[in-house]
Amino acid sequence: GKWEKIFELYEEMQRSSVKPDLRTYNILLKAMAYWRGGSQWERAEQTFAEMKRSGVQPDWLTFVALISALTKAPGGSQWQKALGYFEEMERSGVGINTHVCNRVLFALLNAKEGSKWEEALGVYEITKEKRVAPDATTYRHLINCLTLAAGGSQWEKALELFEEMKRDGVQRNTKLYGILIRSLVKDVS
């Protein structure tokens with residue numbers, strides 16, 4: 001089908017004198033993240049390694065696509081790898097932005113053994129240091145991580161973040177209020 005044709009064309013491209021550029025790699029990585037039947041995260045990692053070996057420098061879109069593939073891995077998020085690529089991105093000088101931050105937070109939220117709230121707060125601190133403005137999705141993922149924390153809800157910290165969000169003037173929505181209310185209901189029942 002269409003999905004297999006993507007790799008046939010990529011392999012043909014590699015055999016020919018036409019070399020993949022940044023845009024081609026980004027498209028491939030995004031396709032692997034949204035592969036019908038489940039993320040092709042291992043293939044995405046291989047493609048990312050090939051990209052770097054070929055001398056093509058990744059940009060923030062590359063990291064968003066790669067981390068998305070890791071987040072959507074069948075059987076649960078590959079959150080450790082996602083966090084590693086976030087750190088690599090920071091070290092390599094590719095600017096961290098809200099999109100990348102949100103993808104990493106989503107990976108931490110979806111860890112199969114329970115949300116990784118401490119790591120999520122660490123990512124949030126790095127983004128604040130880099131003066132990356134959090135958006136509603138950033139706060140929703142963070143607050144969700146805190147309320148679904150392995151070992152019990154961190155609802156007090158979630159409410160602190162919610163207050164910070166209000167102070168920062170970030171738009172709140174129904175989903176966010178629902179997450180907070182759910183965490184408080186679970187804690188009293």
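## Close-up views

**Figure 1. At 30% relative accessibility, Asn 110 is partly exposed.** Partly exposed residues fall between two other classes: buried, under 20% relative accessible area, and exposed, over 50% (1.4 Å probe, protein chains only). This is a predicted model, so local features need pLDDT of at least 70 and side-chain atom pairs count only at pLDDT 80 or more, whereas totals for chains, interfaces and linings use all residues. Residues are numbered from 1 along each chain as its sequence is written, and side-chain values use heavy atoms, leaving out hydrogens and water. Asn 110 is placed in the loop between H6 and H7; helices here are DSSP runs (H or I, at least four residues), as are strands (E, at least two), and they are numbered from the N terminus. Which residues does Asn 110 contact, leaving aside its neighbours within four places in sequence? They are Gly 76 and Ser 77, where contact means heavy atoms within 4.5 Å. Trp 79 is 31 residues away from Asn 110 along the chain, and their C-alpha atoms are separated by 7.8 Å.

**Figure 2. The whole protein has 10 helices and zero strands.** The C-alpha atoms fill a box of roughly 65 × 35 × 25 Å along the principal axes. Of the 189 residues, 47% are buried. Among contacts with a separation of 6 or more, 66% join residues 24 or more positions apart.

**Figure 3. The largest nonpolar core of the protein has 58 residues.** A nonpolar core is a set of buried Ala, Val, Leu, Ile, Met, Phe, Trp, Tyr and Cys residues joined through side-chain atoms within 4.5 Å. In soluble globular proteins, nonpolar side chains tend to be buried together. Which residues have the most contacts inside this core? Look for Val 104, Leu 108, Val 123 and Ile 143. Beyond the residues up to four places away in sequence, Val 104 touches Ile 67, Ala 82, Leu 83, Phe 86 and Val 123.

**Figure 4. Leu 105 is buried, with a relative accessible area of 0%.** You can find Leu 105 in helix H6, which covers residues 98–109. Arg 15 lies 90 residues from Leu 105 in sequence and 38 Å from it in space, C-alpha to C-alpha.

**Figure 5. Phe 7 and Trp 35 form an aromatic pair that links distant parts of the chain.** Six aromatic pairs are found in the whole structure. In this one, the ring centres of Phe 7 and Trp 35 are 5.0 Å apart and the planes meet at 40°, so the pair is tilted. Rings of Phe, Tyr and Trp (its six-membered ring) pair if their centres lie within 6.5 Å; planes under 30 degrees apart count as stacked, over 60 as edge-to-face and the rest as tilted. Where do the two partners, 28 residues apart, sit? Phe 7 belongs to helix H1 (residues 2–15), while Trp 35 is in the loop between helix H2 (22–33) and helix H3 (41–53). Are they buried or exposed? Phe 7 is buried at 6% relative accessibility, and Trp 35 is buried at 12%.

**Figure 6. Thr 47 and Asn 26 are two buried residues.** Thr 47 lies in helix H3 and has a relative accessibility of 2%. Setting aside neighbours within four places in sequence, Thr 47 is in contact with Tyr 10, Tyr 25, Leu 28, Leu 29 and Met 32. Asn 26 is part of helix H2, with a relative accessibility of 10%. Asn 26 touches Asp 59, Leu 61, Thr 62 and Ala 65, again leaving out residues up to four places away in sequence.

**Figure 7. Gly 37 and Arg 131 are two exposed loop residues.** Gly 37 is in the loop between H2 and H3, and its relative accessible area is 82%. From Gly 37 to Pro 74 there are 37 residues in sequence and 8.8 Å in space, C-alpha to C-alpha. Arg 131 is in the loop between helix H7 (117–129) and helix H8 (136–147), with a relative accessible area of 77%.
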